[in-house]
Amino acid sequence: LLGNSMPPLSSFKYLRVFRIDEGLSRDDGETLDLTAISQLFQLRCVMVRVDGKIELPTELGKLVYLETLDIETCRLMESIPSDIVNLPH
C-alpha cells in the first residue's frame, strides 16, 4: 500500500501523528505492514482506515507517548499487541 514512492517508516523518527486513509478495498491480499511504527518513539497518534489486512508490531511497549490507536474498517488484523495495556497513556 505504501509503495516504493515513500521512504521507510523508520526514516520518520520524530513523527508524532501517523494517519493512513485508503478509500479503496484491498481485495488483492496485500498486507499493510505497520510493524515499523514500533521504532517511532515519539508517536502519539496512529489512525488507520483501510479495508484490508494490516499487520501491527508484536510489541508497542516502547511507544510511551502513544495516546491514540484508532484502527477502523480493517477487516483482517492478525492480533493487537498484548503489551498495549501497559502503555501509560
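This is a predicted model: local features need pLDDT of at least 70, side-chain atom pairs count only at pLDDT 80 or more; totals for chains, interfaces and linings use all residues.
How many bridges join β3 to β5, and do the two strands run parallel or antiparallel? Five bridges join them, and the strands run parallel; strands count as paired here if DSSP finds at least two bridges between them.

Residues are numbered from 1 along each chain as its sequence is written, and side-chain values use heavy atoms, with hydrogens and water left out.

Now the overall layout. The chain has six strands and zero helices, so named because helices (H or I, at least four residues) and strands (E, at least two) are DSSP runs, numbered from the N terminus. Read from that end, the order is simply β-β-β-β-β-β. Of the 89 residues, 31% are buried, where buried means under 20% relative accessible area, exposed means over 50%, and partly exposed lies in between (1.4 Å probe, protein chains only). The accessible surface of the chain comes to about 5600 Å², and carbon and sulfur atoms own 49% of that; these areas come from the Shrake-Rupley method with a 1.4 Å probe, and for residues only the protein chains shown count as cover. As for contacts (heavy atoms within 4.5 Å), take those between residues at least 6 apart in sequence: 49% of them join residues at least 24 apart.

Let's go inside. In soluble globular proteins, nonpolar side chains tend to be buried together. A nonpolar core here is a set of buried Ala, Val, Leu, Ile, Met, Phe, Trp, Tyr and Cys residues joined through side-chain atoms within 4.5 Å. The largest one has 18 residues, and F18, L32, L34, I37, L43, V46 and V48 touch the most other members. β1 (17-25) and β3 (45-51) each supply at least two residues of this core, with β3 giving the most, three residues. That strand is mostly covered, too: six of its seven residues are buried.

Leaving aside its neighbours within four places in sequence, L43 is in contact with L15, R16, V17, F18, I37, L63, Y65 and L66. L9 is buried, at 6% relative accessible area, and its C-alpha atom is separated by 8.4 Å from that of Q39, 30 residues away along the chain.

Finally, the charged pairs. A search of the whole structure turns up three salt bridges, each a side-chain nitrogen of Lys or Arg within 4 Å of a carboxyl oxygen of Asp or Glu. R49 pairs with D70, the closest N and O atoms being 2.8 Å apart. R49 lies in strand β3 and D70 in strand β5, so this pair ties together parts that are 21 residues apart in sequence. D70 counts as partly exposed, at 23% relative accessibility.

R44 and E67 meet in another salt bridge, at 3.5 Å from N to O. R44 sits in the loop between β2 (31-33) and β3, and E67 in the loop between β4 (53-55) and β5 (68-72), so the link spans parts 23 residues apart in sequence. R44 is partly exposed at 31%, and E67 is partly exposed at 46%. That leaves D21 and R19, whose closest N and O atoms are 2.7 Å apart; D21 is partly exposed, with a relative accessible area of 45%.
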